[in-house]
Amino acid sequence: MLSLSNVSVSYGPIAAVSSLSLQLAAGEVVALVGSNGAGKSSTLKAILGLEKSKGTITLEGQDISSAYSVVRVERGIALSPEGRHVFPAMTVRENLELGVIGRTRQDEAQLTEEMLQLFPRLRERIGQRASSMSGGEQQMLAIARALMSRPKVLMLDEPTLGLAPIIVDQIADLVLALKARGISVLLAEQNSEMALSVADRAYVMETGRIVKSGNAAAIASDPAVMEAHLGFGGEAA
Ligand code: ATP
């Protein structure tokens, strides 16, 4: 479905992502885990074309490495960015409508209805300004907005950051519900425990490189990896 081959992202002299290769199969949930500054956000932005990158990115076998971001969205990639970035002064409905790409008003109404079925809480809040909602509700809105483009690949950047454990569980359930609908999910998380619990496979990132990859359950149960790269182990575990 999505494939990265030797992708690198630099900010001037800073190499944020170095020769990264990664695969996401159709209907798969893949976790990209690693600490703050490992390069996860830069990888997701490169996939959407929001940051310039070297290397090759293909979607369904087609090279999209030099395509504009809007073309990548039209081809089926969506990003729910870190920090949520909903538009605070706009209503839930208006925020959702912003996620629609190149569709008619009828599509827009149908897509909105689909999202309200998936996120019943948003239906209750439909006319409310995004700023008046809780962090968890805003996160759900940000994900729903990304889904409004009907992506084949949904990228979630730190969806659980700063949220209460009960909301973290809801986001985990949501990822599995999206997978059941056939959407491939690339989940970038510092919360490796949550990410590894829902992912099929995982890539562990450190200073811009993949240091480990494989079955998510196997990585979660490997104390050496959890300790060396994901901040678990000893007293802190
Ligand atoms: P976080 O969860 O904190 O976002 P991350 O794993 O997503 O971490 P990135 O945000 O991709 O990591 O950052 C990777 C590296 O690139 C870090 O060293 C960061 O300081 C640097 N970096 C990120 N964005 C920029 C930028 N716009 N300009 C300069 N350096 C940047």
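A residue counts as buried when its relative accessible area is under 20%. Keep that cut-off in mind for this predicted model.

Apply it to helix 6 first. This helix covers residues 135-147. Twelve of its 13 residues are buried, so by that cut-off helix 6 is mostly covered. Among the buried ones are Gly-136, Glu-137, Met-140, Arg-145 and Leu-147. From its first C-alpha to its last, helix 6 reaches 18 Å. That is close to the 18 Å expected at 1.5 Å a residue.

Move on past the end of helix 6. Ser-149 sits in the loop that leads from helix 6 to strand 7 (153-157). Is Ser-149 buried or exposed? Its relative accessibility is 7%, so Ser-149 counts as buried. One of its polar atoms lies 3.1 Å from the backbone oxygen of Ala-146.

Ser-66 lies between strand 5 (62-63) and helix 2 (69-75). Its relative accessibility is 74%, and therefore Ser-66 counts as exposed. Thr-56 is ten residues away from Ser-66 along the chain.

Now turn to helix 1, residues 40-48. Eight of its nine residues are buried, and helix 1 is mostly covered. The buried set includes Lys-40, Ser-41, Ser-42 and Leu-48. After helix 1 comes Gly-49, with a positive phi near 85°.

Helix 1 also leads us to the ligand. Which element gives the largest share of the shell around the ligand? Helix 1 does, with three residues. Strand 2 (14-24) supplies at least two residues of that shell as well. There are 14 residues around the ligand. Asn-36, Gly-37, Lys-40, Ser-41 and Ser-42 come nearest. Sorted by class, the shell holds four nonpolar, seven polar and three charged residues.

Look at single contacts next. A polar side-chain atom of Ser-42 lies 2.5 Å from an oxygen atom of the ligand. For Ala-38, a backbone N or O atom lies 3.0 Å from a ligand oxygen. Gln-190 takes part through its side chain, where a polar atom is 3.3 Å from an oxygen atom of the ligand. How much of the ligand does the protein bury? Taken alone, the ligand exposes 620 Å², and the protein buries 65% of that.

Strand 2 belongs to a sheet. Strands in a sheet pair through backbone hydrogen bonds, in a parallel or an antiparallel way. Here, four strands form an open sheet in the order 2-1-4-5, with antiparallel pairing. Strand 2 and strand 5 stand at the edges. Each has a single partner strand, so one side of each is left without a neighbour in the sheet. For strand 2, follow the link to strand 1 (residues 2-11). Seven bridges join these two antiparallel strands. Within this pair, Val-9 stands opposite Val-17 in strand 2.

Finish further along the chain. Strand 9 (residues 201-206) and strand 10 (residues 209-215) also pair in the antiparallel sense, over six bridges. Together, strand 9 and strand 10 form a hairpin, with two residues between them. In the turn, Thr-207 has a positive phi of about 35°.

How values were computed. Residues are numbered from 1 along each chain as its sequence is written. This is a predicted model: local features need pLDDT of at least 70, side-chain atom pairs count only at pLDDT 80 or more; totals for chains, interfaces and linings use all residues. Side-chain values use heavy atoms; hydrogens and water are left out. Buried means under 20% relative accessible area, exposed over 50%, partly exposed in between (1.4 Å probe, protein chains only). A residue is near a molecule or strand if one of its heavy atoms lies within 4 Å of it. A polar contact is a pair of N or O atoms within 3.5 Å; within protein, one must be able to donate a hydrogen and the other to accept it, and residues adjacent in sequence count only if both atoms are side-chain atoms. Accessible areas come from the Shrake-Rupley method with a 1.4 Å probe; for residues, only the protein chains shown count as cover. Ala, Val, Leu, Ile, Met, Phe, Trp, Tyr, Cys and Pro count as nonpolar, Asp, Glu, Lys and Arg as charged, and the others, Gly among them, as polar. Two strands pair if DSSP finds at least two bridges between them. The expected span of a helix is 1.5 Å times one less than its number of residues.
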